[in-house]
Amino acid sequence: MMASSYNAKDEDGHITMSGPGGGTLRSKKPENTAFKQQRLPAWQPILTAGTVLPAFFIIGLIFIPIGIGLYVTSNNIKEFEIDYTGVDMSSPCFNCSQNFSWNSTKPCTCTIPFYLDQPYESNVFMYYGLSNFYQNHRRYVKSRDDSQLNGDMESLTKPSKECEPYASHENKPIAPCGAIANSMFNDTLELFYNDPNGTKIQIPLTTTGIAWWTDKHVKFRNPGGNNPNLTAVFQGTTKPVNWRKPVYELDADPENNGFINEDFIVWMRTAALPTFRKLYRIIQKKNNMVPTLPRGNYTLEVVYNYPVRSFEGRKRMILSTISWMGGKNPFLGIAYITVGSVCFFLGVVLLIIHHKYGNRNNSADISN
Amino acid sequence: RSCPANEAFIPPKFCDNRIVSSKYTVWNFLPKNLFEQFRRIANFYFLIIFLVQVIVDTPTSPVTSGLPLFFVITVTAIKQGYEDWLRHKADNEVNKYPVTVLEDGRRIRKESEKIKVGDVVEVEENETFPCDLILLQSSRDDDTCFVTTASLDGESNHKTHYTVPDTEKDLESLNATIECEQPQPDLYKFVGRMHIYKNNQEPAVRSLGPENLLLKGATLKNTQKICGVAVYTGMETKMALNYQGKSQKRSAVEKSINAFLLVYLCILVSKALVCTTLKYVWQSKPGQDEPWYNEKTQREKDTNLYLKMFTDFLSFMVLFNFIIPVSMYVTVEMQKFLGSFFITWDKDFFDPEIQEGALVNTSDLNEELGQVEYVFTDKTGTLTQNNMEFIECCIDGFQYKYRDASSELDGFCVTDGPVYLDKWEELFLRALCLCHTVQVKEPTEGFIASSPDEVALVKGAMRYGFTFLGLESKTMKILNRNNDVEMYELLHVLNFDPVRRRMSVIVRAISGDTLLFCKGADSSIFPRVRQEEVERIRMHVERNATEGYRTLCVAYKYLSAEEYAQADAGLREARLALQDREQKLMAVYNQVETGMSLIGATAVEDRLQEEAAETMEALQGAGMKVWVLTGDKMETAKSTCYACRLFQRNTELLELTVRTLEDGGRRREERLHELLLEYHKKAVQDAPPVKAGVTRSWSLTNQDYGFIIDGATLSMVLNSSTESNSSRYKNLFLQICQNCTAVLCCRMAPLQKAQIVKMVKNSKGCPITLSIGDGANDVSMILEAHVGIGIKGKEGRQAVRNSDYAIPKLKHLKKLLLAHGHLYYVRIAHLVQYFFYKNLCFILPQFLYQFFCGYSQQPLYDAAYLTMYNICFTSMPILAYSLLEQHICMEVLLDNATLYREIAKNAMLRWGPFLYWTLLGVFHGLLFFFGVRYLFSNPALQDNGQVFGNWSYGTIVFTVLVFTVTLKLALDTRHWTWINHFVIWGSLAFYVFFSFFWGGIIWPFLRQQRLYFVFANMLSSVSAWLVIILLILLSLLPEILLVVFRKPRGPHSRQIAAVTPLSYKHLKERQ
C-alpha cells in the first residue's frame, strides 16, 4: 500500500519533467507505453446474472449451516442472571442500597438465594453487569493516565491533566488517577452452594485469567520494576477518593496486586455501551465426573460497596458457560440464518425471473 | 520633430506599453493567494474547523484537520505560483521585445514596454507592431503598406494601409498633434484627426481612419519598413482591449461538489444540533449529567451554560467534520492533475508535422470535456487549413479536373473537352493569369496577394502551363505553354470590393487588342454576360458550390478603341473626384463590366483540416451543437460549413445578414424584427414538439435548420435601440439557434465571438460551452467559454497560451471529447459520489454512537483511524480508479458518439444519483453500527470469557467499514489493471498490517494506549470474524442484486450495460 503511493509519486515526479509545464521536452513524442496510452492490460469482470446467481446459492448454502451452528451453540450456552441492585423493598439488598454511604466503615452485606435448574458442566464464568453506567462517556474514557499505569515513575507522582478532577487529593497524587480508576467496581461477590444436606459450600473463584494477557503483562505494569514492596513504591501517592483501600492492597498475591490486579485491569477496559458486563471470576471445572455447578440452590453473598441508585443504575451477577463463539448471543445465529435464507430465496426468485426473461430476450432478438 | 500629443479629456497620462496578464507579484502573492484560496467554501470551512479545534476542547486534536489543510493550501499555492511565474515569463517575452524608436533623428533600440504614446516606431518586414501606430511613412512608393491581421481577426490575407496624406517624407521636420478617440476594442473603428503644423502656417488638418491605424499584434508584410507614431500603448491597444482577463474557470462538477457540500454541511449541522439538544435533554434527568463516578472538572463547572452549549455544538461539529473531508479536495486535485497527463501522453494527439502533442494548461476542466453541449469553432485555421488549392475549372461548359501532378498537361488537354477548345482554354488561363492583384515574391517563387484565392488561381494556371512572371512597370509578363513570354500592358485594375463581388483588369496585349478580364462571384457575373452562355456553366458552379468549393466565374470582353477611351476617361475622372469618389467609381465600373462573355468558372478548395467533417459529424452525433464563429466572409464560411457537413444538402438555411435585411427595402430594424419572427415560427414553433428527454437527439427525419447571421446584424440583435426589444430579440435569436443543428456567425469581431459564447453560456440551463480556435482573434471566445481549446496552428501561439487545452489538429477534438472527456467525467463523478458516500458511512456510526455514550462526543474510532481513514486506507483505490477506470473502452467510445449523450447534463452528479449514494451510505452506516451493537449485547466475545471494550467495538465497525467501502469500489471497477489490483488489495492489507502495528506497540508519544492489542484480540474472536463477514456481505448484497435486476436490452446495450458501473443503473434506464 505504501509502496503504491510512492509509486504514484514517482510517476508524478517523472511527469513534471515531461508534462505540460516542461517546455524543453515538448517536441518529444509521447512514449508509446501501455500505461501512458491507457492501454494497460486489464481484467474486465462482468457481473451478470449468470455469475451472481450461483454466488447467491453458495452464500445461502454456506450461511444457513453456519447460522444453525451458531444458533445451536448459543442455545447450548447456559446463562444465569440475577439483579441484586436492591430496588424493590423485597430485595435482600434493599437495605444496603438504601443506607449506602461512602463514609460507612462497616461494610453492608446481603445474601441472595437462587436456584440453578440445570447443571453447568464446563468452566463457569462469573460476570458482574452494570446498567446505565456510562463507561463510554468521553470525560470518563479519557480520564486515565496510561503511562502511570504502565509503571512510569514520573507519571506516578505527576498524573496527567486528563485525570482531573481525580488527579490529586489533599495535594498528593492519586495512584491510579482518573475517574475510571476512582469508580472501580468494588462489590465483593461470593458464591455458595447449598448442598441438599444443608451445608453451605463456598465455591472457589479464580481471580486470574479474567483480563487480556497483553494488558496484564505489558500494558499495565507496577512502578518500580520488580520491586516486591509495593507499599514503598507507592509512597507519596494517595488512594483514589472512592476507594476503601490503596492500590497496593488490592490482593495479597504480588502477581495480582497494584496496577496489575486483574479486577482493576478489567475495569480499566471501558465498556462500549452503558449496559455492560465484565468478567469477575472464573469457576474452574474440577474433574470430568462432577459438573462445575450442579443443579440446586445457591446463595450469592454480596458485600455491597458500589452505589448505583444515584444514577438509576442496576447491578447484576451473571453466571455463564462459554463456547467457541464466546458468551450467549443468539443474534449472530439468527442473522446468519436470515441472511442465508434471504440469499437462497433471492437466488430462487432471480433464477425464475432470469429464466423467464432470458427466453423473452431471445425471442425479441429473433423477431428483430 | 514630430511630437503628437493626445488632447483627450483626461490629462495626457498614458499607460506604458506593458502587457500584464499575470495575477500576482512577489509581494502580494502570499496574502492575495491565501485570500483567494480561503474564498473557496471548502477551505474556509476547514480553516474554521481547525480554529475550533485549537480553541475549544474537542474530541480530536487540531493536528488531524490542520495538517491536511496546510498541505492542501501549500500545494495549491505552489501550483498557482508556478503558473503565475510562467505568465510573468510570457509577459516579459512580449514586453522586453526590442523595437526601434526614432528619437531626435536617431534610431534607438528600446524594449517594447518602454514605448510611450507619441514615440515614432520603426517596424520592419515580418515584425509585429508593438503597439497601435498611425502609419506615417512607408518604404513603398505608393505610401501604402501591407499588413496581415491573422493573429487578430484570423484573416490571413494582406490588407493595405495608407500613410496619412501630406505627411512629409522627412519625418524629422514633421510637427503635428493627433487627436483620437478614447481606446475602444472594436478593431475596425478608429476616428482621429491630425494637425500638421508647418512653419507659421495655418495647421493642416487630416482625418485619420482605420486605414491609417496599424494594430498591435498585426504583422507587416511585403513592405520593407514603416514608421508610425504610437497612439495606443500597452493595455490600451485594441488587441489588449480585446482580451478579457483570464478568469478562474470552474467546472460544472465543482459546482455539483459545492452543492453536495452544502447538503452535507446541513447534515453535519443538523447532526450536531440534534446531538447538542439531546445532550441537554438527557442531562436534565437527575444523576445523568454528573454521576458520582464521573465528576466534572472545576473549569467545566464554572463555564456558563450557554457558552457550554455552544462549545458542545462546536465539539460535535468537529467530531462529525470528517463527513466533509479535506482529502476529497486533495484527491480531486490530484486526480485532475495526474489525469491530465493522459492527455499530454496520448500519442494519438501527437502531430508529426509540428512535433508536438496536446498541451494541458488547466487541469481543472478535464471532466468538463465530457459535458460539452455547444461547440464554438473558428473557421480559418481551425476547420480549414487556410490553404487554398485549385481544384477544377470549367471552360465553356466542359469540366477540367486537375488530376495528378504526374499527368499535368496531358491530363488537362484530354479531359473531356474537344481539342478545338484550345482557344478557350488559353483565353481562360490567360484570364486567370492576368486578372488579379498578385505580386510575385522573388526569392521563393511564391506569390503574395490580398486574397489567398487569387494565389490559388494563379498557381492553378501555372500548373496548366501559364505562369505569371510578375508585374514590371505596368507590364504583366506571362510564360505560356510554349515557354514564350507574353507581355500585357496593365491599363486599369477595377478593384475587388465586397459589394460588387468581382474585380476586373483592363490590359492591352502586344497585338494591340484591349481586353477586359473579369472574375467574381457567380451572382455578380451572370447578369453581366450574354445569357446563352450562362446555363452550361451555372450547373457546374452550383455543383461545385455544394461540394464546398469556392467558385469564381471568369468573363472577358474585347474593348474597342472608343470603348476603351470612354472607360479610361471615366475611370480617371472618377479617381480624381474629391466627393463621392467611391460611388462614382462604382458607376464607371458597372458601366464597363457589361456585355462580357463568360469563359468559365473555377473551383478552389480551402482545404479542410484532416477529418474535419468526420469530427464535426461525431460531435453532432454526440449531441453537441456546433456553431461556427468566423471573421470571414459569409460565402466562404458557408461553403466551409457545407464541406464540413455541418450544413447538409437538405438543411434549410435561415439567413439573417445585412444582405437579407436590405432585401426588403425597408428599414433594417423592421426587417430584422420580421425575419426573426418568421424564422422563430419556422424553427421553433413549427418544429414537432419534442420531449424534454430527447431534445438533444437529432433525427434525420426532421427538417434540419441552419442559421446564418453576420456581425453587423448580430450587433443589431444584441444592441437594439430599445431595451425591451433587445432582450426579446436576444431570446428569439437564442431560441432559433437552439433549434438549429448548426449555426454560422460570420464577420465577427473577436469580442462579438465572446459575446455569443457568453449569451449561450448564460442561457437557460446553463449549457456547457467549448470554444476552439487557433488565432488571437479567438482568444476572447476561448477565455469566455467553459472550456477553451487552442489549436497549435500557424497563427502564433496566442490561442494556445490562453486556452485550457491545446491540440495540434482539429481532428483530435473528437478523441479529446468523446474518449478522454467521457472517461474523465465518469471517473470524477464516481470519485465525488464515492467520497461523499464513504464519509457518510464513516461518520454515521460515530453519530449513532452518541446516543449510547450520553452525547458526550466520544469518538467511536481511535484518532489514528479517524485520521488515516481518508488519507491511507481508502484514498488510494479511489484515486487509482479515478485515473484508470475505463467503464467502456476507448475504441467503443470513439465509435459510438451517442454514448456521450448518456452522461450529458451532468447525469452522474445530479440529485438522483446523489440521493442513491447517500442512501447507500446511510444504509451501510446503520448496518455497521447496529450489527455490531447487537453483537455487543453480550460483550463476552472471546472463547476465554473475556470481554471487549469500546475500542474493540469501534475497531470492529471500522474494519467492516474499510472492507465494505473498498469492496464496493472493487465492485464498481470495470477495468482491473494490475495497479487497481495492487492498490485495492494493498489498501486492505495495509489496513490489517497497520492495525497490528499500531496496536502492537506501546507508543511512548501517545497519552493513551487505546488500541493496544485490540485488533489482535478482535481477530482471536470467532464471533468478530463472523460478524465482519456477515456485515460486509450484507452491505454489498443490494449492489449485487442491482446487477441482476438491471436487465440488458438487446445485444448492443448488453455489451455496454455490462461494463457500466452498477450504480449508474439509472443511466441505462434513460436510454
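Contact here means heavy atoms within 4.5 Å.

Before going on, know that this is a predicted model, where local features need pLDDT of at least 70, side-chain atom pairs count only at pLDDT 80 or more, and totals for chains, interfaces and linings use all residues. Residues are numbered from 1 along each chain as its sequence is written, chains are lettered from A and ligands numbered from 1 in the order in which they are written, and side-chain values use heavy atoms, with hydrogens and water left out.

Now for the cores. A nonpolar core is a set of buried Ala, Val, Leu, Ile, Met, Phe, Trp, Tyr and Cys residues joined through side-chain atoms within 4.5 Å; buried means under 20% relative accessible area (1.4 Å probe, protein chains only). In the largest core, Trp267(A), Leu300(A) and Leu319(A) touch the most other members. Helix 27 of chain B (residues 812–850) gives the most to this core. A second, separate core includes Ile343(B), Val375(B), Ile772(B) and Met876(B). Helices are DSSP runs of H or I, at least four residues long, numbered from the N terminus.

| Item | Residues |
|---|---|
| Largest nonpolar core | 199 residues |
| Given to it by helix 27 of chain B | 18 residues |
| Second, separate core | 56 residues |

Next stop: Asn938(B), in the loop between helix 32 (911–935) and helix 33 (950–972) of chain B. Is Asn938(B) buried or exposed? Asn938(B) is buried, because its relative accessible area is 2%. Beyond its neighbours within four places in sequence, Asn938(B) is in contact with Glu79(A), Arg277(A), Gly327(A), Lys328(A) and Asn329(A). The side chains of Asn938(B) and Arg277(A) are joined by a polar contact of 3.4 Å. That term means a pair of N or O atoms within 3.5 Å, where, within protein, one must be able to donate a hydrogen and the other to accept it, and residues adjacent in sequence count only if both atoms are side-chain atoms.

A cavity is a set of points on a 1 Å grid where a 1.4 Å probe fits but cannot get out, and its lining residues have an atom within 4 Å of a point. The second largest cavity is lined by 14 residues, with Thr64(B), Pro68(B), Phe322(B), Val326(B) and Asn870(B) nearest its centre. Helix 28 of chain B supplies the largest share of that lining, 4 residues.

Note on methods. Helix = DSSP H or I, 4+ residues; strand = E, 2+ residues; numbered from the N terminus. Buried < 20%, exposed > 50% of the residue type's maximum accessible area, 1.4 Å probe, protein only. 1 Å grid on protein atoms, 1.4 Å probe; cavity = no way out; pocket = protein on both sides within 12 Å on 5 of 7 lines; lining within 4 Å.
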